[in-house]
Amino acid sequence: MRLFRLEVKRMLTSRRTLVLLAVAIFMSVVMAYVPIRFESINRLGEDGNIIELDGLPAIRFKKDYYAQAADSITPEKLAQALQTYQFYVQEYGTINDVPLDIYIEQLMAIRPMLKGLSEAFADSQTGIPVDLMDISPQEVEQHFYDKCISHLENVMDFEQKDNPSAKQFATDTYEELERPFYLYYGISRDAFDYITLYIFVLSILYIAIAAPTFASDYQTGSDSILRCTKYGRMKFAITRILAAGSIFIVVYVLGISIHLTVLNLAFGTDSLKTSFQMLFSVINLPNMTLGQLQVTVVLAGLLSILTCTSCTFLISAKCKDSLTALLISIVILFLPFFLYGAIGISWIWAVLPSAGIGMKNNFLYQLCDFNFLSIGTISFWTPYVILIVAAMEIPVFLYLAVRFYCKHQAA
Amino acid sequence: MELKIEHLTKQFKDKKAVDDVCLTLTTGVWGLLGANGAGKTTLMRMIADIMAPTSGTICYNGTDIHKMGKSYRSIFGFLPQEFGYPRDLTVNNYLEYVAALKDIPARETAKKINSLLDILTLSDVKGKKIAKLSGGMKRRVGIAQAMLNNPKILVMDEPTAGLDPAERVRFRNFISEFSHDRIVLISTHIVSDIEYIATRNAIMKAGKIIDIGRTDDLVKEINTKVWTCTIPIQDLDRYEMQLRIINQRSEGNGQVSIRYLSETPEIPTAEAAQPRLEDLYLWHFPQEHLEGEVK
C-alpha cells in the first residue's frame with residue numbers, strides 16, 4: 001500500500017501527467033457543451049416573426065414543448081399521429097408548405113413519434129423507407145410492431161443472408177424488447193456521439209500518460225536502479241500498473257460524471273426514459289432506455305479504455321523509449337478505425353484493443369448496427385464481441401506487460 | 001561472505017564483452033579498473049542481475065544470485081554509470097520512493113534519508129527537484145539511493161564522475177568506513193579514488209580479468225618499470241617519441257622533470273620511482289594515456 005501511495009504520488013507530481021489529466025477534465029465540459037450548442041429550433045414570436053433559438057434556450061423551449069407529447073408509443077397513438085400528419089400535409093401539399101404556426105401547433109410534437117414509421121413500413125425488396133403519406137393509419141394501428149419485426153427480418157436477409165444464426169439471434173432479441181416503446185423527446189443523437197467521442201479523446205490522453213510507464217525508465221536508465229531493489233521487479237510492475245489504472249479509473253469516473261451531468265442537466269433526465277429505438281432505429285436490438293444506454297456506453301468505454309491502456313503498458317514494457325511506445329500505441333488505437341473503413345467487420349478489427357473506440361467502429365454504432373462475426377455456423381453480435389474480447393485481453397496484456405518488464409535486460 | 005563469479009561470459013552479437021571471467025569478491029573495497037569497452041559495466045550489470053550472462057554463474061555465499069531473486073536484491077545496492085531519475089521528483093521524494101522499493105520500514109525511512117543526505121551534503125537540496133541539481137549533486141543522490149538499505153554488496157559504476165576534489169575525498173572516507181563487513185565494488189577511471197581505499201583491485205582488458213590483487217602487490221609488477229629524471233626542455237619532444245611519458249613538470253631553467261614507463265631506464269640519469277596504481281593502469285592501458293583520460 002505504501003508503494004502504491006508513493007507511485008500515485010510520483011505520477012501526480014509529473015507535470016506532463018497533470019496537464020494531460022487536466023485536459024481530460026476540461027474536455028469533459030467542452031465536449032458536453034458542443035452538442036448542447038448544436039441544438040436549434042425556429043419558433044414564432046409574439047409579433048409573428050420567426051425566432052431562431054440555439055443552444056440552451058432551444059433545449060428549454062423543446063423540453064416544454066415536447067413534454068405534452070411524451071408517452072408510450074402504442075399503435076393507436078401512432079395511427080392517430082399519422083392521421084393528423086396526413087391531414088395537414090394533404091391540406092397544404094407537402095410538409096414544407098405547412099405554415100410554421102400550424103406546423104408548430106399541430107405537427108412538430110408528433111414528428112419524433114412518426115420518425116420510425118417510414119422505416120418500419122419500408123419496401124421489403126429495396127429497404128427504402130416509405131413516405132408517411134403512403135402508409136395506412138389502419139395498418140399502423142393493427143400491425144406496427146409486426147411491421148418492425150418483418151422489416152428487421154428483411155434487413156437481416158439482406159445483410160446476413162449467409163448467416164442464419166445471426167438472423168435468428170436478431171429476431172429472438174427483438175422479440176424480447178419491451179413494448180410499446182416510450183418516447184420523451186430530449187437528449188439528442190449528437191449528445192451520444194459526443195459521449196463516445198469524449199471516450200475516444202480520453203483514450204488518446206491515457207495512452208499518452210501510459211506510454212512512458214516502463215519505457216521512460218529504460219530510456220533514462222533509472223530502470224537499472226529500480227529493478228535492483230527488493231520489490232523492483234514483479235511487485236513494482238504490478239504497483240505501477242495498478243496506480244496508473246486507478247488514476248485512469250478515477251479520472252474517467254470524474255470526467256464522464258461531469259460530462260453526463262452537464263448533458264443531462266441541459267437536456268433533462270426525463271428523456272432518459274426514452275426507448276433506444278425511438279432515438280435511433282425502430283429495428284435496433286438493444287432492449288434499453290437511453291439512460292441505460294448512457295450507462296452501457298460508459299461502462300463499455302471504460303472497458304475498452306482499460307484494454308487500450310493495458311496494451312500500452314505491454315508496449316511500454318517492450319519498447320526502449322517512450323516515443324516509440326507512444327507511436328505504436330497510437331497506431332494501434334487508430335487501427336480499428338482504418339481497418340473498419342478498409343475491410344469492414346472482421347475478426348482482425350474485433351480483436352484489436354480499441355475495436356470499441358473511435359468513430360464509425362465505436363461500441364455505440366455497433367449497438368445500432370447488425371454486424372456479426374462468425375465462427376463456423378455460430379454468429380456473434382459485434383457489441384458482445386467487443387466486450388468479451390476486451391474483458392479477455394485485459395488480463396492477458398497485463399500479464400505480458402509484467403512479464404516483459406521482469407524479463408527486460410539492461411541495454 | 002563472498003561473491004563468486006565463475007566463468008562468466010557475455011556475448012553480444014559480434015562482441016564478447018565479458019570473456020570467461022572468474023573472480024571471487026570478498027569483503028572490502030574492490031577497484032575495477034579497465035579502459036573504455038573493457039567490459040566493466042557489463043560485468044557490473046550481471047552482478048546487479050539486470051543483465052543475463054551468456055554463460056557462467058555468480059553466486060553469493062554459494063547460491064546463484066539469480067535464483068536468490070528478492071533476497072539478493074534486498075542486500076544489494078547499485079549505482080549505474082548513468083544515473084537515471086524521474087524528472088519531477090524532489091530528492092526527498094525520490095529517496096522515499098526507492099526506500100519503499102527497498103522495503104525499508106516507513107518509520108526508519110526519514111531518519112535514514114536524513115542521515116545519508118547529511119553525509120553526502122545534500123540536506124540543503126532535499127526539497128529540490130533532482131533535475132535542477134548540478135551533475136555532482138545528482139551523482140551524490142545516486143550514491144544515496146544505492147546505500148539506503150545498508151547493502152552488504154554495493155556496486156558503483158563511476159561513482160566519482162562529476163564530483164569535485166573535496167566531494168571525492170568525502171566519498172572515499174565514507175566508503176572506507178562503510179565497507180567493513182561488506183563487499184564494495186567500484187569501477188572508475190579516476191584511479192586515485194580507489195588507490196587509497198581499495199583493498200583489492202581487478203583489472204579488466206578486452207572482457208578478461210588480467211590482474212587481481214592488493215594495490216601493493218599489483219604495483220610490485222612494475223617495480224622497476226617506472227622512472228623519473230630531469231631533462232632539458234629541448235629534448236622533451238624526442239623523448240616523447242621514444243618513451244611512454246606519463247607525467248611532466250617544468251622545473252624552470254629550461255629543465256623538465258618527467259615520469260615514464262619503460263622496461264629499462266633508457267636515460268642514463270633516470271632513477272627508479274615508487275610505482276603507483278595509476279602507473280600500473282597506464283602500463284596495461286597505454287592508449288588511455290594517449291587519450292589523456294586518466295586523472
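Reader: How many salt bridges are found across the interface of domain 1 of chain A and domain 2 of chain A, and what makes a pair a salt bridge?
Author: Across that interface of chain A the rule finds 0 salt bridges, the rule being a side-chain nitrogen of Lys or Arg within 4 Å of a carboxyl oxygen of Asp or Glu. This is a predicted model, in which local features need pLDDT of at least 70 and side-chain atom pairs count only at pLDDT 80 or more, while totals for chains, interfaces and linings use all residues. Side-chain values use heavy atoms, with hydrogens and water left out, residues are numbered from 1 along each chain as its sequence is written, and chains are lettered from A and ligands numbered from 1 in the order in which they are written.

Reader: What polar contacts are counted between domain 1 of chain A and domain 2 of chain A, and which elements supply the side of domain 1?
Author: The count is 8 residue pairs in polar contact, both residues at pLDDT 80 or more; such a contact is a pair of N or O atoms within 3.5 Å, where within protein one must be able to donate a hydrogen and the other to accept it, and residues adjacent in sequence count only if both atoms are side-chain atoms. On the side of domain 1 of chain A that touches domain 2, helix 13 (276–279), strand 5 (372–375) and strand 6 (378–381) of chain A each supply at least two residues, and strand 6 of chain A gives the most, with 3 residues. Helices (H or I, at least four residues) and strands (E, at least two) are DSSP runs, numbered from the N terminus.

Reader: What area is buried between domain 1 of chain A and domain 2 of chain A, and which three residues of domain 1 supply more than any other three?
Author: About 1400 Å² is buried between these domains of chain A, of which carbon and sulfur atoms give 63%, and buried area is the accessible area (1.4 Å probe) that two parts lose on being put together, summed over both. Met278(A), Val282(A) and Ile283(A) supply 39% of the area that domain 1 of chain A buries against domain 2 of chain A, more than any other three residues.

Reader: Why is the meeting of Arg233(A) and Asp49(B) called a salt bridge?
Author: The side chains of Arg233(A) and Asp49(B) meet at 3.9 Å, N to O, and this pair is called a salt bridge because 3.9 Å falls within the limit of the rule. The count between chain B and chain A is 3 salt bridges. Helix 3 (70–73), strand 6, helix 4 (91–101) and helix 5 (106–119) of chain B each supply at least two residues of the side that touches chain A, and the largest share, 8 residues, comes from helix 4 of chain B.
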